[in-house]
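Here is a short report on a single model.

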Amino acid sequence: MLISQVLGILILIQMGVGILGNFFLLGLYTFTLFIRHRLRPKECIFVQLALANSKVLLSKGIPQVIVGLGFQNFLDLLWCKLIIYVHGVARSVSLSITCILSGFQVITISPRNSRWAKLKIQAPKCTVPACFLCWCFYLLINFIFLGTMHDSRYLTNNTKIWKLGYCSILTPASFNAAFSALVFSIPNFICIGFMISTTTYLVLFLHRHHQQVQSIRNPQLSPKIFPEQRATHAVILLVSTYVSLYSINSALVLYYFTFDKHQPWFMATLDLLAACFPAISPFVLIFSDSQVLKYWYDLWHRAYSWLLCHNVLNHTNCQFPDLTV
């Protein structure tokens with residue numbers, strides 16, 4: 001019980017921090033869309049990533065926090081399926097959008113004489129359709145997976161029960177959950193392989209670029225990091241974080257489906273680990289872009305000024321900095 005409560009608190013903190021970062025990006029780019037009436041291709045990718053990450057955090061975060069308060073199996077089959085469906089779709093889309101982002105960054109920084117140069121013109125036009133196809137594909141795939149779940153009230157000798165904490169579901173005894181999870185994860189494995197390839201290319205490209213700069217740079221001048229280099233570092237960090245967390249989480253999920261007996265807190269640990277990337281990624285994107293970081297600091301300055309005026313200065317006249325895009 002104590003472990004479940006601790007995990008519930010950790011998930012609540014993780015969800016709060018992650019939602020703060022993702023909602024900030026969604027709000028910023030929504031505001032940008034109203035002002036400029038368009039978003040740049042990479043900003044469209046960021047919006048889709050923040051949206052998917054928010055759904056990952058909320059879909060499993062809220063139920064697991066309630067479980068941490070001591071409530072068990074409080075959801076019926078319909079709500080249970082809905083949460084599993086939304087979480088599965090959002091997590092897979094988050095992976096695929098990160099995959100698209102890594103590929104887009106490779107195309108962006110590649111020199112004109114490389115094999116990626118031919119895609120420089122087409123890539124910006126394909127980002128939104130690619131994101132839309134990812135949503136459609138995983139909405140369909142996860143909908144098929146829902147057909148294997150049944151209400152735990154109809155437990156028989158020919159069924160197997162899976163306890164998720166907030167609900168319990170049944171699958172046929174002949175249903176091989178581990179094998180099915182591997183089959184449904186094939187698109188995710190393809191994305192992981194592509195991201196590893198693009199990240200390797202980015203690391204090698206930055207290494208060669210650094211050597212070239214070192215050979216021509218004046219030792220008395222301080223090194224300058226260009227925006228595209230900073231963005232490339234952010235993509236490398238995002239992909240490395242996702243691959244590491246996804247590998248650990250996948251191994252634990254495979255263990256969960258292979259063996260029947262688990263501690264009650266095991267599923268909460270899986271959800272906590274699965275939500276690490278959605279909680280971290282918005283801050284990687286925020287701190288990798290100096291302009292977005294400026295808006296982030298302005299927002300906190302405005303919030304601090306408002307609290308100071310409200311609580312200490314008793315609503316005296318205060319001036320807030322304007323937030324313009």
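## Cysteines

Cys44 counts as buried, at 18% relative accessibility. Buried means under 20% relative accessible area, exposed over 50%, partly exposed in between (1.4 Å probe, protein chains only). The model is predicted: local features need pLDDT of at least 70, side-chain atom pairs count only at pLDDT 80 or more, and totals for chains, interfaces and linings use all residues. Residues are numbered from 1 along each chain as its sequence is written, and side-chain values use heavy atoms, without hydrogens or water.

A disulfide is a pair of cysteine sulfur atoms within 2.5 Å. The count comes to 1 disulfide. Cys80 and Cys167 form it, with their sulfur atoms 2.0 Å apart. The pair links distant parts of the chain, 87 residues apart: Cys80 sits in helix α3 (residues 77-109), Cys167 in the loop between β2 (159-163) and β3 (168-172). Cys44 is in no disulfide; the nearest cysteine sulfur, that of Cys131, is 7.7 Å away.

Helices (H or I, at least four residues) and strands (E, at least two) are DSSP runs, numbered from the N terminus.

## Disulfide setting

The link of Cys80 and Cys167 is right-handed, with 45° about the S-S bond. Cys80 is buried, with a relative accessible area of 1%. Cys167 is also buried, with a relative accessible area of 1%.

## Helix α4

Helix α4 (residues 123-146) has 24 residues. From first C-alpha to last it reaches 34 Å, close to the 34 Å expected. The expected span is 1.5 Å times one less than the number of residues. Its buried residues include Cys131, Cys134, Trp135 and Tyr138.
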